[in-house]
Amino acid sequence: MAELLLDAVTKQFDGHPAVAAVDLAVADGEFLALLGPSGCGKTTLLRLIAGFERPDAGRIRIAGREVAGPDRQVPPEERRVGLVFQSYALWPHMSVAENVAYPLKVAGLGRAELARRRDAALATTGLEGFAGRRPADLSGGQRQRVALARCLVMEPPLVLLDEPLANLDVHLRAAMQEEFAAFHDKTGATMVYITHDQAEAMALADRIAVMHQGRLQQVAPPRALYNEPETAMVAGFIGEGSLLEGELLGFEADGRARVSLWGCRASLRARPDQAPGRVLVSLRPEHLRLAAAETPGTLPARVRRTVYRGGRVAVELRPEADPDTSLLLLEPEASAPETGQAVGVAIKGGWVIPRSTEQL
Ligand SMILES: Nc1ncnc2c1ncn2[C@@H]1O[C@H](COP(=O)(O)OP(=O)(O)OP(=O)(O)O)[C@@H](O)[C@H]1O
Ligand SMILES: [Mg+2]
(Lines give C-alpha, C1' and ligand atoms only; values in the text may rest on other atoms or scores of the structure.)
(Ligands and ions follow the chains in the order given, each with its own letter.)
Protein backbone atom coordinates (compact mmCIF):
# COMPACT_ATOMS: atom_id res chain seq x y z
CA MET A 1 0.00 0.00 0.00
CA ALA A 2 1.42 3.35 -0.92
CA GLU A 3 0.60 6.93 -0.28
CA LEU A 4 2.30 9.37 -2.63
CA LEU A 5 3.39 12.82 -1.50
CA LEU A 6 4.95 15.56 -3.59
CA ASP A 7 6.23 18.63 -1.84
CA ALA A 8 7.16 21.67 -3.97
CA VAL A 9 8.59 19.46 -6.72
CA THR A 10 10.29 21.45 -9.46
CA LYS A 11 12.05 20.38 -12.64
CA GLN A 12 13.53 22.66 -15.28
CA PHE A 13 14.78 21.87 -18.76
CA ASP A 14 17.12 24.49 -20.26
CA GLY A 15 15.87 27.09 -17.79
CA HIS A 16 12.19 26.41 -18.56
CA PRO A 17 10.15 24.93 -15.73
CA ALA A 18 8.45 21.73 -16.96
CA VAL A 19 7.14 21.08 -13.44
CA ALA A 20 6.83 24.07 -11.12
CA ALA A 21 6.44 23.76 -7.35
CA VAL A 22 3.94 20.92 -7.48
CA ASP A 23 2.36 19.90 -4.17
CA LEU A 24 0.25 16.77 -4.40
CA ALA A 25 -0.99 14.16 -1.95
CA VAL A 26 -2.40 10.94 -3.42
CA ALA A 27 -4.03 8.75 -0.78
CA ASP A 28 -3.25 5.09 -0.40
CA GLY A 29 -5.45 3.23 -2.92
CA GLU A 30 -6.62 6.37 -4.67
CA PHE A 31 -7.06 6.56 -8.45
CA LEU A 32 -5.82 9.97 -9.56
CA ALA A 33 -6.05 11.10 -13.18
CA LEU A 34 -3.62 13.71 -14.46
CA LEU A 35 -5.11 15.87 -17.19
CA GLY A 36 -3.79 18.86 -19.08
CA PRO A 37 -2.82 20.26 -22.48
CA SER A 38 0.10 18.84 -24.43
CA GLY A 39 3.45 19.96 -23.01
CA CYS A 40 2.08 20.98 -19.60
CA GLY A 41 4.45 18.61 -17.75
CA LYS A 42 2.42 15.44 -17.12
CA THR A 43 5.00 12.94 -18.35
CA THR A 44 7.80 14.82 -16.61
CA LEU A 45 5.87 14.64 -13.34
CA LEU A 46 5.41 10.88 -13.76
CA ARG A 47 9.08 10.39 -14.63
CA LEU A 48 10.03 12.29 -11.48
CA ILE A 49 7.82 9.99 -9.39
CA ALA A 50 9.22 6.90 -11.11
CA GLY A 51 12.79 8.09 -10.59
CA PHE A 52 13.85 8.61 -14.22
CA GLU A 53 14.28 12.32 -13.57
CA ARG A 54 15.75 14.03 -10.57
CA PRO A 55 13.90 17.08 -9.19
CA ASP A 56 15.78 20.40 -9.05
CA ALA A 57 13.95 21.13 -5.82
CA GLY A 58 11.31 19.58 -3.59
CA ARG A 59 10.73 16.12 -2.17
CA ILE A 60 8.86 12.98 -3.19
CA ARG A 61 7.69 10.36 -0.71
CA ILE A 62 6.24 6.95 -1.54
CA ALA A 63 4.67 4.95 1.30
CA GLY A 64 6.29 7.21 3.86
CA ARG A 65 9.78 6.83 2.44
CA GLU A 66 11.59 9.75 0.86
CA VAL A 67 12.62 8.67 -2.65
CA ALA A 68 13.69 12.07 -3.96
CA GLY A 69 14.96 15.13 -2.14
CA PRO A 70 17.86 17.57 -2.00
CA ASP A 71 20.32 14.85 -1.01
CA ARG A 72 18.55 11.70 -2.02
CA GLN A 73 17.60 10.02 -5.32
CA VAL A 74 16.42 6.43 -4.95
CA PRO A 75 16.85 4.59 -8.28
CA PRO A 76 13.68 3.56 -10.18
CA GLU A 77 14.09 -0.18 -9.53
CA GLU A 78 14.07 0.43 -5.76
CA ARG A 79 10.87 2.48 -5.72
CA ARG A 80 8.42 -0.42 -6.16
CA VAL A 81 6.54 1.48 -8.82
CA GLY A 82 4.72 -0.19 -11.72
CA LEU A 83 4.85 1.57 -15.07
CA VAL A 84 2.59 1.31 -18.09
CA PHE A 85 3.39 3.63 -20.95
CA GLN A 86 1.76 4.25 -24.29
CA SER A 87 4.57 2.58 -26.19
CA TYR A 88 4.54 -0.77 -24.45
CA ALA A 89 7.80 -2.49 -25.35
CA LEU A 90 7.00 -6.20 -25.34
CA TRP A 91 9.66 -8.79 -26.19
CA PRO A 92 8.73 -9.97 -29.69
CA HIS A 93 10.48 -13.35 -29.38
CA MET A 94 8.74 -14.26 -26.12
CA SER A 95 5.23 -15.61 -25.68
CA VAL A 96 2.62 -13.65 -23.72
CA ALA A 97 3.27 -15.81 -20.65
CA GLU A 98 7.04 -15.33 -20.93
CA ASN A 99 6.65 -11.57 -21.34
CA VAL A 100 4.49 -11.38 -18.24
CA ALA A 101 6.80 -13.63 -16.22
CA TYR A 102 9.95 -11.78 -17.28
CA PRO A 103 10.13 -9.28 -14.38
CA LEU A 104 9.63 -12.17 -11.93
CA LYS A 105 12.45 -14.11 -13.54
CA VAL A 106 14.75 -11.08 -13.28
CA ALA A 107 13.75 -10.74 -9.64
CA GLY A 108 14.87 -14.36 -9.12
CA LEU A 109 11.56 -15.86 -8.00
CA GLY A 110 11.23 -19.61 -7.62
CA ARG A 111 9.35 -21.65 -10.23
CA ALA A 112 6.14 -22.25 -8.28
CA GLU A 113 5.78 -18.68 -7.06
CA LEU A 114 6.60 -17.36 -10.52
CA ALA A 115 3.90 -19.53 -12.11
CA ARG A 116 1.35 -18.55 -9.49
CA ARG A 117 1.89 -14.81 -9.94
CA ARG A 118 2.14 -15.02 -13.72
CA ASP A 119 -1.15 -16.92 -13.94
CA ALA A 120 -2.87 -14.52 -11.55
CA ALA A 121 -1.79 -11.53 -13.66
CA LEU A 122 -2.93 -13.25 -16.87
CA ALA A 123 -6.30 -13.98 -15.24
CA THR A 124 -6.72 -10.40 -13.97
CA THR A 125 -6.22 -9.05 -17.49
CA GLY A 126 -8.31 -11.76 -19.20
CA LEU A 127 -5.33 -13.16 -21.10
CA GLU A 128 -5.49 -16.83 -20.02
CA GLY A 129 -6.41 -17.91 -23.53
CA PHE A 130 -3.47 -16.07 -25.12
CA ALA A 131 -0.60 -17.27 -22.91
CA GLY A 132 1.19 -19.13 -25.71
CA ARG A 133 0.92 -16.48 -28.40
CA ARG A 134 3.58 -14.05 -29.56
CA PRO A 135 2.86 -10.28 -29.27
CA ALA A 136 2.82 -10.01 -33.09
CA ASP A 137 -0.23 -12.29 -33.15
CA LEU A 138 -2.29 -10.11 -30.80
CA SER A 139 -4.55 -7.11 -31.34
CA GLY A 140 -3.51 -3.68 -30.04
CA GLY A 141 -5.79 -4.01 -27.02
CA GLN A 142 -4.49 -7.46 -26.20
CA ARG A 143 -0.90 -6.21 -26.40
CA GLN A 144 -1.85 -3.38 -24.13
CA ARG A 145 -3.21 -5.91 -21.66
CA VAL A 146 0.06 -7.85 -21.78
CA ALA A 147 1.89 -4.65 -20.86
CA LEU A 148 -0.55 -4.15 -17.99
CA ALA A 149 -0.16 -7.76 -16.84
CA ARG A 150 3.63 -7.42 -16.93
CA CYS A 151 3.31 -4.40 -14.66
CA LEU A 152 0.80 -6.09 -12.32
CA VAL A 153 2.82 -9.24 -11.88
CA MET A 154 5.20 -7.41 -9.57
CA GLU A 155 2.22 -6.42 -7.43
CA PRO A 156 3.38 -2.82 -7.21
CA PRO A 157 1.62 -0.75 -4.55
CA LEU A 158 1.90 2.31 -6.82
CA VAL A 159 1.16 2.18 -10.56
CA LEU A 160 1.95 5.03 -12.95
CA LEU A 161 0.25 5.01 -16.34
CA ASP A 162 1.10 7.42 -19.15
CA GLU A 163 -1.71 7.50 -21.72
CA PRO A 164 -1.92 3.72 -21.79
CA LEU A 165 -4.92 3.70 -24.12
CA ALA A 166 -3.91 6.51 -26.47
CA ASN A 167 -3.48 4.35 -29.56
CA LEU A 168 -6.59 2.20 -29.18
CA ASP A 169 -9.93 2.66 -30.91
CA VAL A 170 -12.95 3.89 -29.00
CA HIS A 171 -14.46 0.42 -28.34
CA LEU A 172 -11.22 -1.08 -27.11
CA ARG A 173 -10.65 1.96 -24.93
CA ALA A 174 -14.00 1.41 -23.23
CA ALA A 175 -13.21 -2.27 -22.62
CA MET A 176 -9.74 -1.44 -21.28
CA GLN A 177 -11.13 1.30 -19.05
CA GLU A 178 -13.27 -1.35 -17.40
CA GLU A 179 -10.21 -3.50 -16.91
CA PHE A 180 -8.27 -0.69 -15.28
CA ALA A 181 -11.20 -0.03 -12.95
CA ALA A 182 -11.47 -3.75 -12.13
CA PHE A 183 -7.73 -4.01 -11.55
CA HIS A 184 -7.86 -1.03 -9.25
CA ASP A 185 -10.75 -2.52 -7.26
CA LYS A 186 -9.04 -5.86 -7.00
CA THR A 187 -5.57 -4.76 -5.96
CA GLY A 188 -6.20 -1.53 -4.07
CA ALA A 189 -3.05 -0.12 -5.69
CA THR A 190 -2.54 3.63 -5.76
CA MET A 191 -2.77 4.78 -9.38
CA VAL A 192 -1.70 7.91 -11.20
CA TYR A 193 -3.10 7.88 -14.71
CA ILE A 194 -2.25 10.40 -17.42
CA THR A 195 -4.81 10.83 -20.13
CA HIS A 196 -5.85 13.37 -22.74
CA ASP A 197 -9.39 12.08 -22.54
CA GLN A 198 -11.61 13.88 -20.04
CA ALA A 199 -14.37 11.31 -20.27
CA GLU A 200 -11.84 8.62 -19.41
CA ALA A 201 -10.53 10.61 -16.47
CA MET A 202 -14.07 11.25 -15.20
CA ALA A 203 -15.06 7.60 -15.58
CA LEU A 204 -12.04 6.18 -13.77
CA ALA A 205 -10.67 8.64 -11.28
CA ASP A 206 -11.49 9.41 -7.66
CA ARG A 207 -9.90 12.80 -8.25
CA ILE A 208 -8.53 14.60 -11.28
CA ALA A 209 -5.48 16.86 -11.18
CA VAL A 210 -5.50 19.51 -13.91
CA MET A 211 -2.07 20.72 -14.90
CA HIS A 212 -1.18 23.82 -16.91
CA GLN A 213 2.28 25.13 -17.74
CA GLY A 214 3.94 22.97 -15.11
CA ARG A 215 1.57 23.91 -12.31
CA LEU A 216 -1.39 22.15 -10.77
CA GLN A 217 -4.47 24.29 -11.28
CA GLN A 218 -6.93 22.19 -9.30
CA VAL A 219 -7.14 18.71 -7.80
CA ALA A 220 -10.73 17.64 -7.17
CA PRO A 221 -13.31 14.90 -7.73
CA PRO A 222 -14.75 14.93 -11.28
CA ARG A 223 -18.05 16.54 -10.26
CA ALA A 224 -16.39 19.36 -8.33
CA LEU A 225 -14.05 20.01 -11.22
CA TYR A 226 -16.96 20.34 -13.65
CA ASN A 227 -19.34 22.24 -11.38
CA GLU A 228 -16.91 24.37 -9.39
CA PRO A 229 -13.81 25.06 -11.47
CA GLU A 230 -11.38 27.21 -9.50
CA THR A 231 -9.72 28.94 -12.41
CA ALA A 232 -10.66 30.10 -15.88
CA MET A 233 -8.22 27.56 -17.31
CA VAL A 234 -10.00 24.65 -15.61
CA ALA A 235 -13.46 25.98 -16.57
CA GLY A 236 -12.38 26.22 -20.20
CA PHE A 237 -10.50 22.93 -20.26
CA ILE A 238 -13.02 20.65 -18.53
CA GLY A 239 -16.36 20.04 -20.23
CA GLU A 240 -17.81 22.65 -22.51
CA GLY A 241 -19.61 25.89 -21.98
CA SER A 242 -18.98 29.60 -21.86
CA LEU A 243 -16.81 31.94 -19.83
CA LEU A 244 -18.21 35.41 -19.35
CA GLU A 245 -17.35 38.55 -17.49
CA GLY A 246 -20.00 39.76 -15.12
CA GLU A 247 -20.50 41.80 -11.99
CA LEU A 248 -21.16 40.21 -8.65
CA LEU A 249 -23.69 42.46 -6.90
CA GLY A 250 -24.19 40.54 -3.66
CA PHE A 251 -25.75 37.44 -2.16
CA GLU A 252 -29.37 36.34 -1.78
CA ALA A 253 -30.69 35.05 1.54
CA ASP A 254 -30.42 31.50 0.14
CA GLY A 255 -26.68 31.95 -0.46
CA ARG A 256 -26.88 32.31 -4.21
CA ALA A 257 -24.91 35.08 -5.85
CA ARG A 258 -26.66 37.91 -7.68
CA VAL A 259 -24.70 38.53 -10.85
CA SER A 260 -25.32 41.02 -13.62
CA LEU A 261 -24.43 39.77 -17.12
CA TRP A 262 -24.83 42.58 -19.63
CA GLY A 263 -27.51 44.09 -17.43
CA CYS A 264 -29.40 40.80 -17.16
CA ARG A 265 -29.73 39.52 -13.57
CA ALA A 266 -28.82 35.93 -12.86
CA SER A 267 -28.75 33.91 -9.66
CA LEU A 268 -25.58 31.78 -9.65
CA ARG A 269 -23.57 29.61 -7.30
CA ALA A 270 -20.44 31.10 -5.75
CA ARG A 271 -18.13 30.68 -2.80
CA PRO A 272 -19.70 32.45 0.19
CA ASP A 273 -16.58 34.58 0.61
CA GLN A 274 -16.55 35.76 -3.00
CA ALA A 275 -15.94 39.52 -3.09
CA PRO A 276 -18.37 41.73 -5.05
CA GLY A 277 -17.16 43.35 -8.26
CA ARG A 278 -15.96 42.08 -11.59
CA VAL A 279 -15.96 38.30 -11.84
CA LEU A 280 -15.65 35.54 -14.41
CA VAL A 281 -18.60 33.22 -14.70
CA SER A 282 -18.76 29.65 -16.04
CA LEU A 283 -22.04 28.79 -17.77
CA ARG A 284 -22.48 25.16 -18.83
CA PRO A 285 -24.92 24.27 -21.63
CA GLU A 286 -27.42 22.93 -19.07
CA HIS A 287 -27.54 26.34 -17.37
CA LEU A 288 -29.09 28.00 -20.41
CA ARG A 289 -32.59 27.78 -21.89
CA LEU A 290 -33.85 29.14 -25.17
CA ALA A 291 -36.84 31.48 -25.12
CA ALA A 292 -38.67 33.52 -27.72
CA ALA A 293 -36.92 36.77 -28.68
CA GLU A 294 -37.61 39.65 -26.31
CA THR A 295 -38.96 37.48 -23.49
CA PRO A 296 -38.53 39.68 -20.37
CA GLY A 297 -35.57 38.69 -18.19
CA THR A 298 -33.71 36.94 -21.00
CA LEU A 299 -30.56 37.93 -22.85
CA PRO A 300 -31.15 38.97 -26.46
CA ALA A 301 -28.97 36.80 -28.71
CA ARG A 302 -28.69 35.49 -32.24
CA VAL A 303 -28.01 31.92 -33.38
CA ARG A 304 -24.52 31.84 -34.87
CA ARG A 305 -24.23 28.17 -35.69
CA THR A 306 -25.95 24.86 -35.03
CA VAL A 307 -24.15 21.50 -34.99
CA TYR A 308 -26.02 18.22 -35.04
CA ARG A 309 -24.91 15.91 -32.21
CA GLY A 310 -27.21 12.94 -32.71
CA GLY A 311 -30.62 13.50 -31.12
CA ARG A 312 -29.56 16.94 -29.92
CA VAL A 313 -28.24 20.06 -31.54
CA ALA A 314 -25.44 22.21 -30.13
CA VAL A 315 -26.55 25.81 -30.53
CA GLU A 316 -23.88 28.52 -30.51
CA LEU A 317 -25.28 31.95 -29.71
CA ARG A 318 -23.93 35.46 -29.98
CA PRO A 319 -25.28 37.84 -27.34
CA GLU A 320 -26.43 41.11 -28.95
CA ALA A 321 -24.64 43.03 -26.17
CA ASP A 322 -21.27 41.41 -26.91
CA PRO A 323 -20.96 39.77 -30.33
CA ASP A 324 -17.38 38.66 -29.54
CA THR A 325 -18.62 36.21 -26.91
CA SER A 326 -20.39 32.99 -27.57
CA LEU A 327 -22.87 30.99 -25.51
CA LEU A 328 -23.45 27.29 -25.98
CA LEU A 329 -26.52 25.23 -25.21
CA LEU A 330 -27.91 21.87 -26.27
CA GLU A 331 -31.41 21.68 -27.67
CA PRO A 332 -33.53 18.67 -28.68
CA GLU A 333 -33.47 18.16 -32.43
CA ALA A 334 -37.18 18.98 -32.83
CA SER A 335 -36.98 22.41 -31.19
CA ALA A 336 -33.57 23.55 -32.49
CA PRO A 337 -33.59 27.12 -33.86
CA GLU A 338 -32.32 28.23 -37.27
CA THR A 339 -28.99 29.92 -37.87
CA GLY A 340 -29.45 33.70 -37.77
CA GLN A 341 -32.62 33.49 -35.70
CA ALA A 342 -33.11 36.04 -32.89
CA VAL A 343 -33.78 34.41 -29.52
CA GLY A 344 -33.79 35.11 -25.80
CA VAL A 345 -31.52 33.17 -23.44
CA ALA A 346 -32.62 32.46 -19.88
CA ILE A 347 -29.75 31.90 -17.42
CA LYS A 348 -30.84 29.25 -14.93
CA GLY A 349 -27.56 28.69 -13.13
CA GLY A 350 -23.81 28.96 -13.33
CA TRP A 351 -20.72 29.28 -11.19
CA VAL A 352 -18.62 32.29 -10.23
CA ILE A 353 -14.96 31.34 -10.71
CA PRO A 354 -13.17 32.02 -7.42
CA ARG A 355 -9.73 32.85 -8.73
CA SER A 356 -10.93 34.92 -11.64
CA THR A 357 -10.46 38.50 -10.55
CA GLU A 358 -6.67 38.58 -10.75
CA GLN A 359 -6.85 36.95 -14.16
CA LEU A 360 -9.19 39.48 -15.75
N1 LIG B 1 14.33 15.76 -21.71
C2 LIG B 1 13.84 16.96 -21.98
N3 LIG B 1 14.64 17.98 -22.36
C4 LIG B 1 14.15 19.22 -22.61
N5 LIG B 1 12.85 19.55 -22.49
C6 LIG B 1 12.00 18.57 -22.13
C7 LIG B 1 12.43 17.24 -21.85
N8 LIG B 1 11.36 16.51 -21.50
C9 LIG B 1 10.30 17.35 -21.56
N10 LIG B 1 10.68 18.58 -21.93
C11 LIG B 1 9.79 19.77 -22.06
O12 LIG B 1 9.06 19.90 -20.86
C13 LIG B 1 7.73 20.27 -21.09
C14 LIG B 1 6.78 19.24 -20.50
O15 LIG B 1 6.91 18.03 -21.24
P16 LIG B 1 6.06 16.74 -20.88
O17 LIG B 1 6.53 15.64 -21.76
O18 LIG B 1 6.13 16.52 -19.42
O19 LIG B 1 4.59 17.20 -21.30
P20 LIG B 1 3.22 16.37 -21.32
O21 LIG B 1 2.27 17.11 -20.46
O22 LIG B 1 3.48 14.95 -21.01
O23 LIG B 1 2.76 16.52 -22.84
P24 LIG B 1 1.98 15.50 -23.80
O25 LIG B 1 0.55 15.57 -23.37
O26 LIG B 1 2.18 16.08 -25.16
O27 LIG B 1 2.59 14.14 -23.62
C28 LIG B 1 7.61 20.42 -22.59
O29 LIG B 1 7.76 21.78 -22.91
C30 LIG B 1 8.75 19.61 -23.13
O31 LIG B 1 9.18 20.09 -24.37
MG1 LIG C 1 3.29 13.15 -22.06
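**Entry 1: the interface between the domains**

I began with polar contacts across the interface of domain 1 and domain 2, and I found three residue pairs, with both residues of each at pLDDT 80 or more. I note that I am working with a predicted model. Next I looked for salt bridges across the interface of domain 1 and domain 2, and the count was zero.

Which helix gives the most to the side of domain 1 that touches domain 2? I found that helix α7, residues 222-227, does, with three residues. I then sorted that side of domain 1 by class. I got two nonpolar residues, two polar residues and no charged ones.

**Entry 2: where the domains lie**

I looked up the domain assignment. Domain 1 covers 4-227, and domain 2 covers 240-359. I took the centres of domain 1 and domain 2 over C-alpha atoms, and 39 Å separate them.

How many residues of each domain are in contact with the other? I counted four in domain 1 and seven in domain 2.

I turned to area next. The size of an interface is often given as the accessible area lost when the parts come together. For domain 1 and domain 2 I read about 400 Å² buried between them. Of that area, 25% is on carbon and sulfur atoms.

**Entry 3: around ligand 1**

I moved to ligand 1 and listed the residues around it. Among them are Phe13, Ala18, Glu163 and His196. The list also includes Ser38, Gly39, Cys40, Gly41, Lys42, Thr43 and Thr44.

I checked some distances to oxygen atoms of ligand 1. For Gly39, a polar backbone atom is 2.8 Å from an oxygen atom of the ligand. For Cys40, a backbone N or O atom lies 3.2 Å from a ligand oxygen. For Lys42 I had to look at the side chain: a polar atom there lies 2.7 Å from an oxygen atom of ligand 1.

**Entry 4: a salt bridge**

I counted salt bridges in the structure and got 18. I picked out one, between the side chains of Arg207 and Glu30, at 2.5 Å from N to O.

Which parts does this pair tie together? Arg207 lies in strand β10, residues 207-212. Glu30 lies in the loop between β2 (16-26) and β3 (31-35). So the pair ties together parts that are 177 residues apart in sequence.

Technical notes
Residues numbered from 1 in each chain as written. Chains lettered and ligands numbered in written order. Predicted model: local features only at pLDDT ≥ 70, side-chain atom pairs only at ≥ 80, totals over all residues. Heavy atoms only, no water. Domains from an automatic or database assignment. Contact = heavy atoms within 4.5 Å. Buried area = accessible area lost by both parts, 1.4 Å probe. Salt bridge = Lys/Arg side-chain N within 4 Å of Asp/Glu carboxyl O. Polar contact = N/O pair within 3.5 Å; in protein donor to acceptor, adjacent residues only side chain to side chain. Helix = DSSP H or I, 4+ residues; strand = E, 2+ residues; numbered from the N terminus. Nonpolar A, V, L, I, M, F, W, Y, C, P; charged D, E, K, R; others polar. Near = heavy atom within 4 Å.
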